[in-house]
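Hi everyone, thanks for coming. I'd like to walk you through one structure today, so let me put it up on the screen.

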Amino acid sequence: MTTAPHRRSHVDPAAPALPAPRGSCPFAPPPAYEEAHRTAPVTRAALWDGTSCWLVTGHAQVRTVLGDHRFSADARHPGFPFLSPGRRELLNRSTPTFLRLDGAEHARRRRMLTGDFIVKRIEAMRPRIQQTVDEALDRMTAGGAPADLVRDFALSVPSLVICHLLGVPYEDHGFFQRRSAVLLDLAAPVETVGTAQRELNAYLADLTAGKRRRPDDSLLGRLAARPDVSPEEAAATGVLLLVAGHETTANMTALGTLALLRHPEQAARLRAEPALVKGAVEELLRWLGIVHLGVPRVALEDVDLDGTRIRAGEGVLCMVSTANRDTGVFPDGDRLDVTRDARRHFAFGFGVHQCLGQPLARAELQIALETLFRRLPGLRLAVPYESLRYRTDMIVYGVQELPVAW
Amino acid sequence: MQVTVDQDRCCGSGQCVSTAPAVFDQSEEDGLVRLLLPGPDRALSATVRLAAALCPGNAITVLDD
């Protein structure tokens, strides 16, 4: 019996082991990925389980892989690269959502949700988001300095907004935030991940079953009432949207705030010219690349990628963080510049799986950062910068706590 | 300049509407692309081309006159 190429070793000992450790700068991609990118845009890397996969670090190559249907997002295909035992457990056990489906089935399920996230509808939500941001900031400042900006502002705003949109009671946020955090933690033991997944799924199954009996106008209310959506699918979609809807924006808000505090000249420009906020958010999305462990795909057939033959059944990890700093597309890409045109970044991915909620994420980030820096001109770190700890083991990168004063 | 869109490829990301709102719109039902201006003015050339480049589903085609 022969061993399929993706199954075992054949990894160059010098190839980076994934996920690679961060270097001294908390905003920069791990040095091993930058080194791989300097070597070639497509290189070999080793995963935790002894298997190997392709590390794609260049902008053009990431665009090609994520836009090509020959690379599958379906984790049930042999060779799909899992980032940890917990991630493998999670993806093998849960009902696949549109995030992990391909082709017509992916399109059918995604299109049930796209109407809720169209630009026009999100734009109409701006007054409500502004009010949510203002109230969160009122509560944070009323408590006095120092405050943890992550807990008291960055996490509460997107949680309130997504709960309203989905029809999930916000008073349950402690329950779902704790379990979301486990699902995204590579260091979490397999059993813990399994428990968190079952509990979160049971919570959403119960909630959507209630909405099926008494339909309401929330996104999950309308989804649960559809005859072509199974109870399992409604619950799994609820888990996905709830987790994705608050973790990503929360971490971008807090890490984006820290980036601006560490670049006071950029923050000053933003304060002087609030219209820059749209471009500033794109630049922060580009520069921070918080989906930092790579976007996984598996090749369904042999593909020549920039002169490298990727064989059917081989895993690929697309490194958004290095692609977003590719100097061929973003001159002087390591520099944060809120005035640059950063719109070609892949912070929301690329291809048909590109983030469904991006108009909402953009509106939340623009309103949160503009309001924060306008209302608190004296905003500053309340602890030494060097003492901050980061979410290095989490699927979504960020800062763990951000104690601030103003 | 002639613009065409392929709804079968559209994934409703809204990139085109954010980039060139005078040319593209989204259906309120399924979020899919609706073309407002199939022959936009030359002045819009750069933004329409950027919208096509940013489209994650490669659903927008731009042809020169």
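Here's something to start on: at what angle do helix 9 and helix 10 of chain A pack, and how far apart are their axes? Keep in mind that this is a predicted model. Helix 9 of chain A covers residues 173–183, and helix 10 of chain A covers residues 190–213. They pack at an angle of about 140°, and their axes are 9 Å apart. Roughly antiparallel would need an angle over 145 degrees, so helix 9 and helix 10 of chain A are oblique to each other. As for handedness, the crossing of these two helices in chain A is left-handed.

Now, who touches whom? From helix 9 of chain A we have A:F175, A:F176, A:R179, A:V182 and A:L183. Across from them, helix 10 of chain A brings A:T192, A:V193, A:A196, A:Q197, A:E199, A:L200 and A:Y203.

Let's zoom out to the whole chain. Chain A has 16 helices and ten strands. Along the principal axes, the C-alpha atoms of chain A fill a box of roughly 70 × 55 × 40 Å.

Two more numbers for your notes. Of the 406 residues in chain A, 50% are buried. And if you take contacts in chain A between residues at least 6 apart in sequence, 73% of them join residues at least 24 apart.

Methods:
Residues are numbered from 1 along each chain as its sequence is written. Chains are lettered from A and ligands numbered from 1 in the order in which they are written. This is a predicted model: local features need pLDDT of at least 70, side-chain atom pairs count only at pLDDT 80 or more; totals for chains, interfaces and linings use all residues. Axes are lines fitted to C-alpha atoms, for helices over the stretch in contact, and angles run from 0 to 180 degrees between N-to-C directions. Helices (H or I, at least four residues) and strands (E, at least two) are DSSP runs, numbered from the N terminus. Angles under 35 degrees count as roughly parallel, over 145 as roughly antiparallel, 65 to 115 as roughly perpendicular and the rest as oblique. A crossing is left-handed if the near helix is turned anticlockwise from the far one by less than a right angle, and right-handed if clockwise. Two residues are in contact if their C-beta atoms, placed from the backbone, lie within 7 Å. A residue is buried if 20 or more other C-beta atoms lie within 10 Å of its own, exposed if 12 or fewer, and partly exposed in between; C-beta atoms are placed from the backbone.
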